[in-house]
Amino acid sequence: MRKIISFMHISLDGFVAGPNGEMNWIKVDQDIFDHVEQRISRTDTAMYGRTTFEMMESYWPTAADKPDASKHDIEHSKWYKKVRKVVISNTLSGEGLTNTTVIASNLAERINDLKKQPGSDIALFGSPRATHSLMQLDLIDGYWLFVNPIILGQGVPLFAKVKNHINLSLIGSRPFNCGVTELDYVVNRD
């Protein structure tokens, strides 16, 4: 069965965005981009909440076409165009969207059906509200966290909606020169 892995930048104190959704505190560099591209190149499905999807959709389909496109822009744009996209939204219409499925109802049933389909693990990018919904339904199988060296003090917490303990096993970690540390966890359901 396919697994859903939540990919998220997070502050040291557990926030994924500032109080007004700010993400300008997130540190990235070419080393992180290369690492992420290597891992997601094995992923055939990306999952988003509506807000994150609209942000991605406004940039990535044409990012490689810009005259000053970076290596990361070119590689990620190519991946984004070919990857199957799943959007969790009650307000977005799937009409006119290429290679995109919108899930608006029966979330647990639809996600479990998706997990049973052939393919690789599903990368859930950002999308705090969608992540909270999937956490409440115990549908996330792993967390790929990029811990940024900052304490925000307030904002959008990653684990605010957890009702029960989530037992995790650390399967990998990696520090980056920019100060970010990757932590790769799987959920233990035993």
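So, H1 passes H3 in a left-handed crossing, and left-handed here means that the near helix is turned anticlockwise from the far one by less than a right angle. Helices, by the way, are DSSP runs of H or I with at least four residues, strands are E runs of at least two, and both are numbered from the N terminus. Before I go on: this is a predicted model, where local features need pLDDT of at least 70, side-chain atom pairs count only at pLDDT 80 or more, and totals for chains, interfaces and linings use all residues. Residues are numbered from 1 along each chain as its sequence is written, and side-chain values use heavy atoms, with hydrogens and water left out.

Back to our pair. H1 is residues 30-40, H3 is residues 71-82, and they pack at about 20 degrees with their axes 11 Å apart. That makes H1 roughly parallel to H3, a label for angles under 35 degrees. The axes are lines fitted to C-alpha atoms over the stretch in contact, and angles run from 0 to 180 degrees between N-to-C directions.

Who touches whom? From H1 we get Gln 30, Phe 33, Asp 34, Glu 37 and Ile 40, and from H3 Lys 71, His 72, Glu 75, His 76 and Trp 79; contact means heavy atoms within 4.5 Å. Those residues divide into three nonpolar, three polar and four charged.

On a 1 Å grid over the protein atoms alone, a pocket is an open set of points with protein on both sides within 12 Å along at least five of seven lines, a cavity is a set where a 1.4 Å probe fits but cannot get out, and lining residues have an atom within 4 Å of a point.

The largest pocket is lined by 43 residues, with Thr 52, Met 55, Phe 125, Gly 126 and Ser 127 nearest its centre. H2 gives the largest share of that lining, six residues.

Last one: Leu 134, Asp 138 and Tyr 143 are among the residues lining the largest cavity.

Methods: Parallel < 35°, antiparallel > 145°, perpendicular 65-115°, else oblique. Nonpolar A, V, L, I, M, F, W, Y, C, P; charged D, E, K, R; others polar.
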